[in-house]
Amino acid sequence: MTPAVIQLAAEAAERQSAEVTNVGARIAWVVGLVVFIAFVYWLMRQGWKWRGALQNDLPELPAAPDGLPEHRLALTGRYHGSTTAGQWLDRIVAHGLGVRSRVELTLTDAGLDVVRPGANDFFVPAAQLRGARLDKGIAGKVLTEGGLLVVTWAHGDKLIDSGFRSDRAAEHAAWVEAINLMNSSITTEGAER
């Protein structure tokens, strides 16, 4: 073999050999990444707790009274959370209102019964209902236009928007109509007195 061929073979072998992996450095990077992710999750949890502490002036959620009248409407779906009315990114986390869950929603003449398996149930008396609308988003959840049923209600001195999504989205329009009709009849009755 000629020296040129030997030199070309050596250069080809040099290009093909991989660098030796430094196992200690890799382990340090992985441990550092895990610690960083754990720190970020800890910060998120602290932020959630801080937000709950800021909202501790919100009264306890009312429970459904015994012997509710026959329901007007019922749906099953998802509860996506509650926010301060008109501020779709200001999530309310006090009393479990920030916890997403499945929901069984029932509208009666007495009010709105919200049953959430695995989370706190609550009841909104009819006099506290302020209206309903179709929207596209609430803190942490964005859907197509009109894909979210948002119910506005008063609790203590605060107006709250709660977002629901039915398993059958075609039901949303009937809910908006029924709640707004109920709200206007309550408002009219209150004005006549």
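A residue is called buried here when its relative accessible area is under 20%, exposed when over 50%, and partly exposed in between, using a 1.4 Å probe and protein chains only. The model you are looking at is predicted, so local features need pLDDT of at least 70 and side-chain atom pairs count only at pLDDT 80 or more, while totals for chains, interfaces and linings use all residues. Residues are numbered from 1 along each chain as its sequence is written, and side-chain values use heavy atoms, with hydrogens and water left out.

Let's start on the inside. In soluble globular proteins, nonpolar side chains tend to be buried together. A nonpolar core is taken as a set of buried Ala, Val, Leu, Ile, Met, Phe, Trp, Tyr and Cys residues joined through side-chain atoms within 4.5 Å. The largest such core here has 27 residues, and L105, L112, L149 and V151 have the most contacts inside it. Among the elements that give it two or more residues are strand 1 (71-84), strand 3 (101-108), strand 9 (148-155) and helix 3 (172-192); these are DSSP runs numbered from the N terminus, with helices (H or I) of at least four residues and strands (E) of at least two. Helix 3 supplies the largest share of the core, five residues.

Leaving aside residues up to four places away in sequence, L105 touches L73, A74, L75, L112, D113, V114, L149, F164 and W175, where contact means heavy atoms within 4.5 Å.

Now for the charged groups. Side chains of opposite charge can pair when their charged atoms come close. A salt bridge is counted when a side-chain nitrogen of Lys or Arg lies within 4 Å of a carboxyl oxygen of Asp or Glu, and the whole structure holds five of them.

One joins D167 to R102, with the closest N and O atoms 2.9 Å apart. D167 sits in the loop between strand 10 and helix 3 and R102 in strand 3, so this pair links parts of the chain 65 residues apart. D167 is partly exposed because its relative accessibility is 43%, and R102, at 37%, is also partly exposed.

Another salt bridge pairs R133 with D161 at 3.2 Å, N to O. It connects strand 6, which holds R133, with strand 10, which holds D161, across 28 residues of sequence. R133, D135 and D161 together form a network of salt bridges.
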